[in-house]
Amino acid sequence: MANRRAPGRAEPRDEWAAKIAALDEPGRTERPGKAPITVGRIKEAAFGLVGTEGFEALTMRRVATALGTGPASLYAHVRNKAELDELLISEVCARVPVPEPDPARWTEQMLEVCRALRDEYLRYPGISRAALAAAPNSLDALRLSEGMLTILLTAGIPPRSAAWAIDAAFLYVSAYCFEMSLRHRPDSGADQRVLDRDALAERYRMLPPDRFPSTVAHARELTSGEDHERFEFTLTALLGGLTPEQGRGA
């Protein structure tokens, strides 16, 4: 009869409520033989979404939809969006190699690490925004920090200067990549980007020379820089301000 049930343990009220709530979740039904939800699959789907649509498109619901399930299935592996962001930044950092410290090449080694991190960030437009939101606290991010700190210390850079320099380098790389993601949106081609730069230079030249003499005279320089020239300039200038202690380093 419809009002009778087989003997057995009654489910707790919260579990029963969760099942009811899951009825309206898209893709909640798991097909036979469907791959189980894992942290690895969640990260893969998240990276795919960011790579094609940008970091702004990344939500737990969008990732769940990409996996053919509902958001509730993700929460057993990733507690929230902040934890998902941290997992992605951790994975990005894990892909960046750290060289064995060489005091004779410490500047170039620091640039190598920063370039590699930059290139990983730029593979996923806007993802460096997550790195700007919190201090690096995953083991993979701390591996990079440890490696860069060791490179500087081995070269004879004083500990406080080394610590502040790697903090500034991380912040700059993240901010640079985030700005690049804003300028180089998928719907904005290279020709449009050049036009925007030329238009900006023209705006500077239109300023009254008596009030903005330096800006008008150097409008081209203010808007110049191809590829990653400004990236190289800024980090080289940052590292150039570090002075090894006497008797240490190369």
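**Packing around the helices**

Tutor: Glu120 touches Val92, Arg95 and Val96, where touching means heavy atoms within 4.5 Å and residues up to four places away in sequence are not counted. This is a predicted model, in which local features need pLDDT of at least 70, side-chain atom pairs count only at pLDDT 80 or more, and totals for chains, interfaces and linings use all residues. Residues are numbered from 1 along each chain as its sequence is written, and side-chain values use heavy atoms, with hydrogens and water left out.

Student: Is Glu120 buried or exposed?

Tutor: Glu120 is found in helix 6, helices being DSSP runs of H or I with at least four residues, numbered from the N terminus. Buried means under 20% relative accessible area, exposed over 50%, and partly exposed in between, with a 1.4 Å probe and protein chains only. Because its relative accessibility is 13%, Glu120 counts as buried.

Student: How is helix 6 oriented to helix 8?

Tutor: The axes of helix 6 (residues 106-123) and helix 8 (residues 139-154) come within 9 Å and cross at roughly 165 degrees, axes being lines fitted to C-alpha atoms over the stretch in contact, with angles from 0 to 180 degrees between N-to-C directions. Angles under 35 degrees count as roughly parallel, over 145 as roughly antiparallel, 65 to 115 as roughly perpendicular and the rest as oblique. The crossing angle therefore makes helix 6, relative to helix 8, roughly antiparallel.

Student: Which residues of helix 8 make the contact with helix 6?

Tutor: From helix 6, the contact draws on Trp106, Gln109, Met110, Val113, Cys114 and Leu117.

Student: How far apart in space are Pro244 and Thr154, C-alpha to C-alpha?

Tutor: Pro244 lies in the segment after helix 13 (229-240), and, because its relative accessibility is 28%, it counts as partly exposed. Pro244 touches Ala155, Gly156 and Ile157, not counting residues up to four places away in sequence. Pro244 and Thr154 are 90 residues apart in sequence, whereas their C-alpha to C-alpha separation in space is 9.4 Å.

Terms used: Helix = DSSP H or I, 4+ residues; strand = E, 2+ residues; numbered from the N terminus.
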